[in-house]
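A reader meeting a protein chain for the first time may wish to proceed from its overall make-up to its individual parts. The questions and answers below are arranged in that order.

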Amino acid sequence: MNHHVDDSQGMRSRLQAADPEIAPQERDGAVSASSAAWHDLDTSFEVLMAEIDRAAAELRAKARPPLARTVEVERVAQTTVPSEPRLVPEPACAAAPEGRPADEVEKPAIEIEQPESQSKEEAPPAAPAVRLKSIDADTGPIQAGSGPSVAGVPKPGGKAMPAATAEVFHRRLGPINLADNLSAGIRAVRRNLLVVMCFTLATNVLVLAIPVYLFQISDRVLTSRSTDTLVMLTILIAGAVILNVVLDAIRRFILMRTAVEVAAQLGAPILGAAARASLHSNGREYQTLGDLQQLRSFLVSGTLLSFLDAPLAPLFMLAVFLVHPDLGYIVVVSAILLLVIAFINQKATEGAFHQATNFQSKANLHLDSMSRNSQIINALAMIPEAVRIWGQDTAGSLKAQVVAQDRNVISASVSRAVRLLAQVAMLGWGAYLSLEGQITGGMVIAASIIAGRALAPVEGAIEGWHQFINTRAAYQRIASLLRASPLNFERLKLPKPQGRLDVERLLFVPQGTKRVVLNGITFSLAPGESLAVIGDSGAGKTTMGKMLVGSILPTSGNVRLDLMDLRNWDQRQFGENIGYLPQDVQLFPGTIKANIGRMRDDASDEDVYKAAMLADVHELISTFPQGYETTVAGDGSPLSGGQKQRIALARAFFGNPKLVVLDEPNSNLDGAGDAALLRALEHAKREKITVITITQRPSLLNCVDKIMLLSNGTVAMFGVRQDVLRALAPLNAARNNVGQQAAPAAVQQNQQAQAPVQQATVQ
């Protein structure tokens with residue numbers, strides 16, 4: 001009976017929730033009828049409930065008007081009693097934090113109160129239907145048409161996905177594995193080398209035509225004095241020589257195209273992996289492109305041909321054995337001696353060549369630094385010092401190369417002596433065997449030529465051993481860079497971020513040092529909020545700004561954009577949704593349009609214009625003779641420092657980012673530039689862009705929502721702008737009083753110091 005009452009009450013509540021306009025008498029009648037049907041037949045009850053639920057859903061769909069805009073979900077952490085969603089108008093500018101646009105005051109937002117235990121979870125508010133579409137990451141977002149709603153779709157955990165997160169997703173592409181490019185390049189080299197090896201076998205067989213020709217002339221033509229035999233042998237051998245030359249040219253063509261294919265396969269992956277790996281080093285990974293050039297040079301060098309000819313040396317030794325075993329033994333012993341010399345040469349030169357390579361890498365880094373700071377070097381007359389630093393590393397590289405090359409030359413000379421002595425031994429012993437009547441004179445000459453051909457590849461490999469060692473080291477660096485690149489790991493394509501930023505216990509200690517630059521940085525920003533970071537020089541402001549955009553990674557702690565750690569965002573997607581203006585502004589060689597569009601070929605004129613308007617630099621660009629097509633050099637000329645900074649500000653706002661970090665954005669700006677920057681920050685606030693501004697000037701503090709004070713790498717103060725400024729007022733006043741007291745003391749001390757001088761002058 002109690003079960004029946006509970007079911008009746010539950011059904012009455014469901015009917016009331018279905019449509020509050022249904023009369024109480026109708027609900028009671030439906031409950032009574034259903035209660036009777038419950039005792040009669042459970043199946044009829046279930047059918048009835050299904051029909052009632054369907055009818056109630058239709059009534060709700062007709063009665064509820066579609067929302068005119070996207071629902072904004074705001075978490076309320078300090079709430080104890082759950083309640084229904086209610087419309088709460090945003091406060092006016094006078095009551096709200098300064099910097100909020102006045103045209104957004106009347107826009108209502110739905111605020112959902114939640115219990116404290118559920119404050120970390122987003123409630124599933126009602127929202128308009130959003131159609132889920134898959135698009136390419138390079139084509140940008142598209143508008144979703146009408147379709148089935150994805151709001152409220154249950155997640156695997158049993159909770160419905162809120163409509164605020166039901167955005168248009170990018171299509172999840174296949175994993176970008178740079179090691180696959182390396183494997184593809186290796187497969188291409190192996191495939192082509194297999195073909196080249198077939199041609200090498202043919203050319204080495206055809207090389208035997210010359211010794212056979214000498215043997216036949218010596219033993220047949222000269223003894224028989226037959227002109228026809230001489231003509232036929234000459235024609236046949238000439239054809240073999242021409243075919244040998246053609247096949248040798250073909251294999252060189254194949255090797256040249258193999259080198260080009262390797263460069264095409266590995267060039268872009270190496271540059272991308274080097275750019276990513278340079279976040280944790282001084283940029284030496286960019287020199288891996290030079291390693292790729294070394295690899296290409298080896299593929300088209302004669303050293304590789306010597307290595308390809310070396311496996312066929314036993315074929316020539318077998319031919320010498322067929323002439324006479326004694327001559328064959330002489331060749332085998334000579335080959336063993338050359339191999340021993342090659343092994344000794346490797347051990348003797350490996351360390352020196354490695355040392356020379358390290359010194360040369362350091363010299364190249366100094367040379368790159370000189371090219372980037374050429375103006376400072378010339379202005380401060382630092383050319384001798386810069387040349388001296390570069391010369392020290394270059395001298396170390398040259399010294400190591402001299403040591404290695406000396407040892408390599410000695411090994412090559414000894415190997416050449418062994419080869420020549422082997423031919424002398426063969427000729428002398430062959431003459432003795434000819435005197436004994438065991439072989440003919442033509443056989444002696446042919447065996448000597450074949451022996452020289454068998455030992456030549458070994459000698460060539462020894463002479464080119466330095467190039468082989470450098471190429472092997474270059475390949476190892478390329479392989480380690482591509483296989484260990486963070487770009488190999490697949491990342492899920494997330495929805496377009498809203499701009500929420502969470503920083504948790506951020507700690508940063510630079511590699512090789514024990515100095516803590518940042519320690520325990522923790523704060524959060526809601527989408528559309530703005531933050532000003534202030535502090536003394538060396539407090540860690542710029543380092544924190546680089547971490548917020550992923551330029552450097554923290555030693556520990558997390559930086560999260562829309563709850564996802566930056567390291568787990570797809571690199572391309574993350575970069576397209578943030579903006580960054582570094583303290584040291586650098587522009588790329590190209591037009592202003594290309595720089596604002598981040599050098600992207602698919603950057604539309606509309607997006608470039610929108611970014612320029614958002615950064616309030618369109619008027620500045622319009623004053624240039626070529627406008628947006630003005631060409632900018634690598635050093636930013638013909639733009640001034642302030643103009644470069646404003647162009648870089650437009651680049652930061654390109655693509656409608658949701659998070660923008662500005663590091664000293666007004667360090668080079670004049671009064672007009674400051675005013676334009678303030679207008680740009682107001683535009684960003686209207687666009688709901690989360691902005692973090694690192695500044696030392698108080699003018700920017702009036703247009704932010706929150707202020708953070710950093711001191712010695714820790715957060716000394718963080719809060720709403722008015723509260724922080726109120727707390728900083730006594731400190732500023734005390735500092736001003738100290739300065740005012742120090743000034744008269746300094747004047748008095750100066751006067752006391754000048755008094756004896758004045759008295760001496762009077763006397």
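What follows is a series of questions and answers on this predicted model.

Q: How many helices and strands does the secondary structure of the protein chain come to?
A: The protein chain has 763 residues, of which buried residues make up 39%. The secondary structure comes to 22 helices and 16 strands.

Q: What percentage of the contacts with a separation of 6 or more is accounted for by residues 24 or more positions apart?
A: The count concerns contacts in the protein chain whose separation is 6 or more. Within that set, the share belonging to residues 24 or more positions apart is 73%.

Q: Which strands stand at the edges of the open sheet of 4 strands?
A: The order of this sheet is β6-β5-β8-β9, and its pairing is antiparallel. β6 (518–525) and β9 (564–565) each have a single partner strand, so one side of each is left without a neighbour in the sheet. The edge strands are therefore β6 and β9.

Q: Over how many bridges do β5 and β6 pair?
A: Strand β5 covers residues 501–508 and runs antiparallel to β6. Along this pairing L501 stands opposite L525, and L506 stands opposite I521. The two strands pair over 6 bridges.

Q: Which residue in β8 is the bridge partner of D502?
A: Strand β8 (residues 556–561) pairs with β5 in the antiparallel sense over 5 bridges. In β8, the residue that partners D502 is R560.

Q: Which residue in the turn between β8 and β9 has a positive phi?
A: β8 and β9 are joined in the antiparallel sense by 2 bridges, and R560 has D565 as its bridge partner in β9. The two strands form a hairpin with 2 residues between them. The turn residue with a positive phi, of about 55°, is D562.

Q: What is the average twist from one strand to the next in the open sheet of 6 strands?
A: This sheet has the order β10-β13-β14-β7-β15-β16, with mixed pairing. Its edge strands, β10 (578–581) and β16 (714–720), each pair on one side only. From one strand to the next, the twist averages 15°.

Q: Which residue in β14 stands opposite A532?
A: Strand β7 (residues 530–535) and strand β14 (residues 690–694) run parallel and are joined by 4 bridges. The residue of β14 that stands opposite A532 is T693.

Q: Which helix lies across β10 and β13?
A: The strand β13 spans residues 659–663. The helix in question covers residues 641–652 and runs at about 165° to β10. This helix is α20.

Q: Why do α10 and α13 count as roughly parallel to each other?
A: Helix α10 (residues 325–372) and helix α13 (residues 441–463) pack with their axes 10 Å apart. Angles under 35 degrees count as roughly parallel. The angle between these helices is about 10°, and α10 and α13 are therefore roughly parallel.

Q: How many nonpolar residues does the contact of α10 with α13 have?
A: The residues of α10 in this contact include L327, V331, L338 and N345. Those of α13 include A447, L455 and I462. By class, the contact has 2 polar residues, no charged residues and, for the number asked, 13 nonpolar residues.

Q: Is L308 buried or exposed?
A: L308 is in helix α8 (residues 302–309). Not counting residues up to four places away in sequence, L308 touches V196, M197 and T200. V196 is 112 residues from L308 along the chain, and their C-alpha atoms are separated by 8.6 Å. Because a relative accessible area under 20% means buried, L308, at 10%, counts as buried.

Q: Which residues does A603 touch, not counting those up to four places away in sequence?
A: A603 is placed in the loop between α17 (592–596) and α18 (605–614). It is buried, with a relative accessible area of 16%. A603 and F654 are 51 residues apart in sequence, and 9.3 Å apart in space from C-alpha to C-alpha. The residues touched by A603 are G597 and F654.

Key: Residues numbered from 1 in each chain as written. Predicted model: local features only at pLDDT ≥ 70, side-chain atom pairs only at ≥ 80, totals over all residues. Heavy atoms only, no water. Buried < 20%, exposed > 50% of the residue type's maximum accessible area, 1.4 Å probe, protein only. Contact = heavy atoms within 4.5 Å. Pairing = 2+ DSSP bridges. Axes fitted to C-alpha atoms, helices over the stretch in contact; angles between N-to-C directions. Parallel < 35°, antiparallel > 145°, perpendicular 65-115°, else oblique. Nonpolar A, V, L, I, M, F, W, Y, C, P; charged D, E, K, R; others polar.
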